[in-house]
Amino acid sequence: MIWGIFKRDMCHATRNVIAVIVSMGLVVVPALYAWFNIAASWDPYGNTKALKVAVANNDKGYKSDLIPVRVNVGETIISTLHANDQLDWQFVKSDKAIDGVKSGEYYAAIVIPKGFSADMMTLFSPDIKHAQLKYYLNEKINPIAPHITDQGATTVVNTIDKTFAKTIAQVGLDLASSILHYSQSPQMAEYMRNLNGNLTTMADTLSGASQQVTSYSQLLGSANDIVDSTGKLLASATKAGKQAQNALKQGKSGATSLTSAGANVTSSVSTALDQVSGAFDQVAAKVNKAFDAIGKDSDTAASQLATLSEQISSGESLYDTYITSLNHMRESVEQLPDSDSAKQALLEAIDREITLLEAAKGDSQKLAQQLKDASTQVTQDTAAAERSRKEILNRITSAKQSISNVRDDYATNVKPKIDALASTVSTLISQTDSMITQLSGTADGLDDVTGDVGTNVTSIRSTLGAIAKKLDSSAATVKELITKLETGGNAGDGNSDGGNGGNDASSSDSGESDELRALATANASTLSTLISAPVALHRVSVYPIANYGSAMAPFYTILSIWVGAIILCAMLKVTISDREKAHVLGLGDTLPRIAGPSGPGNASRWGLRLDHEYFGRYAIFALLALLQGTLVCLGDMYFLGVQANHALQFLAVGWLAALVFSNIVYTLTVSFGDIGKAVAVVLLVMQVAGSGGTFPIETLPKFFQMLYPFLPFPHAIDAMHAAMAGSYGNEYLLDMVYLALFLIPSLLLGLVLRKPVIRLNNWVSRNLESTKVM
């Protein structure tokens, strides 16, 4: 029965030319539907060159106060876009760009504002501003164009970022390379030799200054000893000497700096010598008084003279102390550098002072002896006592003159030299202030020296000792710097002697120099590109698809097969007429009257059951559907060139989809008539949106995500993707099985469930016919 129905249908479909043409059209139309859509979407993102995007540059540029180089990022963007063919870039004024977007002449516009470069350069300032491009977009022209132009705008932003970073990096690398090349030039070698020479001179100067400060410290110690000795000498002579000593002590303790301390020393010594000279006048008065008492009380006079003799004798040791202090001072002066102009003059002055002190000491010794002799003569011989008186007074005059000589020479020669020495020390401290401040760890010592040298000579000497140590440390630092510069220069030359083996530091410096040289001599453009984009995306395609058209082919192919099934049901009759049933049964042109009203199953008493009618008429639907699937799949592969790694599997998907889809649409139509056709269209619309053929199913609303597994499209599309690019495990077979399972509910509806609604469907059809419109 099924074969008979199919054979008669084939005869009717090929009875005349019009029938053949229509049959061919039913096969070709779905293929055309698929091919046009696939071809139109073959490479849409590769054909964006015709999309017009306006670019307007209002950037005024930027010029740094520190580096007078004009930077204009806007011009760089324009230059870059001239070489970019991703979109049809239109370089116009900002007003025209904005107006062109509004009128639809341009899909989008990018406007670079006036302060774009200035805002970008705030990257190097505390007040950073985010540079912004103004992007105008006409979203009503086309739903896809805004996304493409957005991609173009993003490309511009990425290009700006990478170009900016690349430019900064390239400038830095070029500068480093220039510095390295310059450091290896003859001029740089000459500069390094001059620098080493200057540093060596500085180190020697610092060492000499340290020695000089040490000598001045020792000299001050000697001056302090002289002050103490002078005080003791004055104390032994008279009460005025004690006052002078106190004055010296007060002067010494009241000094607030090195210069004032030296001035107090010289002033106190001068005052002390004046008072010693006056003391001899008092001794002369006491001598006269003693000799005047000889006639009245010789014993008392003798006792007074003896006392004076002892006082004078006791002061001789203080002369020795004074002379010893001067000798110490002389030794300190001898340690001064020969280049010091005050050295020789001060030595000569000290020598004269020592000679005069020795002469004064001799006069004091002779005076003491004469006073002693006079103390024994006054009780024996009055005439001899008178002679002794004259001799003693002459001796006092001579001693006084010696002290006057010492005082005058001190005031004329020694005092100016000591004052000059103190001034020299003060000047030295002031001059070395800036040098010490700049060297490591010496600022506090200098502040102590220049701000408050000390309140006495002892503290001044301590400060000078610290300064001398810091000067020595600074000299050592400079010498170490010279050594490192020489070592670095040898490493940079690359000509160091390899026989001595070197040391770890030299090897390390040489390694660092080699690394710096390798970095600076490398391709600056390559390195700057690496710095601007340190991470490169290496795309590894898993199951690669050749192009966008191939990627969209499964969706449009499966969609066209469903459309083909709807077209078949729209053009071919799904029910069999009573006349056809009679011919199949061999009953002539009509069924017997007892068959009842025309409709499905009315010939079952003669053996033509409902399932025979179902499959008999479906056979031509299945044949044409298979032809549709075959044509569209072959055209995809061999006409359009769609990727298909497994061609037979690709064809098998088309065949199975054609059978399943045609059966579903046929069943809906045969069961519900025109309402079934409408349901088939609704299913088509639902599957276009919810199949995941264009957008990932995860991006769709929740309703479609829940509906997704119960639609045939997704399984057919996934099976075709597996046939095109490869299958993961049993992915292809599972999708084919899931697709075939949709035949079960379709056949169940067509063979079993449609029986109760046959009368209802017939009644609906009669009412539609009665309208004479539907």
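**Entry 1: a cavity lining**

I sorted the lining of the second largest cavity by residue type and got six nonpolar, one polar and two charged residues. Here Ala, Val, Leu, Ile, Met, Phe, Trp, Tyr, Cys and Pro count as nonpolar, Asp, Glu, Lys and Arg as charged, and the others, Gly among them, as polar. The model is predicted, so I note that local features need pLDDT of at least 70 and side-chain atom pairs count only at pLDDT 80 or more, while totals for chains, interfaces and linings use all residues. Residues are numbered from 1 along each chain as its sequence is written, and side-chain values use heavy atoms, with hydrogens and water left out.

The lining consists of V574, T575, I576, P600, E613, Y614, Y666, V670 and R754. The elements that give two or more residues to this lining are α20 (610–640) and α21 (647–672). Helices are DSSP runs of H or I with at least four residues, numbered from the N terminus.

I put the volume of this cavity at about 50 Å³. A search of the whole structure finds five cavities of 30 Å³ or more. A cavity is a set of points on a 1 Å grid over the protein atoms alone where a 1.4 Å probe fits but cannot get out, and lining residues have an atom within 4 Å of a point. Points are joined across faces, edges and corners, and the volume is the space filled by probe spheres set on them.

**Entry 2: helix pairs**

I followed α20 to helix α1 (residues 2–13): their axes come within 8 Å and cross at roughly 40°. Axes are lines fitted to C-alpha atoms, for helices over the stretch in contact, and angles run from 0 to 180 degrees between N-to-C directions. α1 and α20 are therefore oblique to each other; angles under 35 degrees count as roughly parallel, over 145 as roughly antiparallel, 65 to 115 as roughly perpendicular and the rest as oblique. Their crossing is right-handed, meaning that the near helix is turned clockwise from the far one by less than a right angle, with anticlockwise being left-handed.

I then took α21, which packs against helix α26 (residues 743–753) at about 25°, with the axes 9 Å apart. That makes α21 roughly parallel to α26. The crossing of α21 and α26 is left-handed.

**Entry 3: Y543**

I looked up Y543 in the loop between α17 (524–532) and α18 (548–571). Y543 has a positive phi of about 55° and is not a glycine. Most residues other than glycine have a negative phi. Y543 counts as partly exposed because its relative accessibility is 36%; buried means under 20%, exposed over 50%, and partly exposed in between, with a 1.4 Å probe and protein chains only.

Conventions. 1 Å grid on protein atoms, 1.4 Å probe; cavity = no way out; pocket = protein on both sides within 12 Å on 5 of 7 lines; lining within 4 Å.
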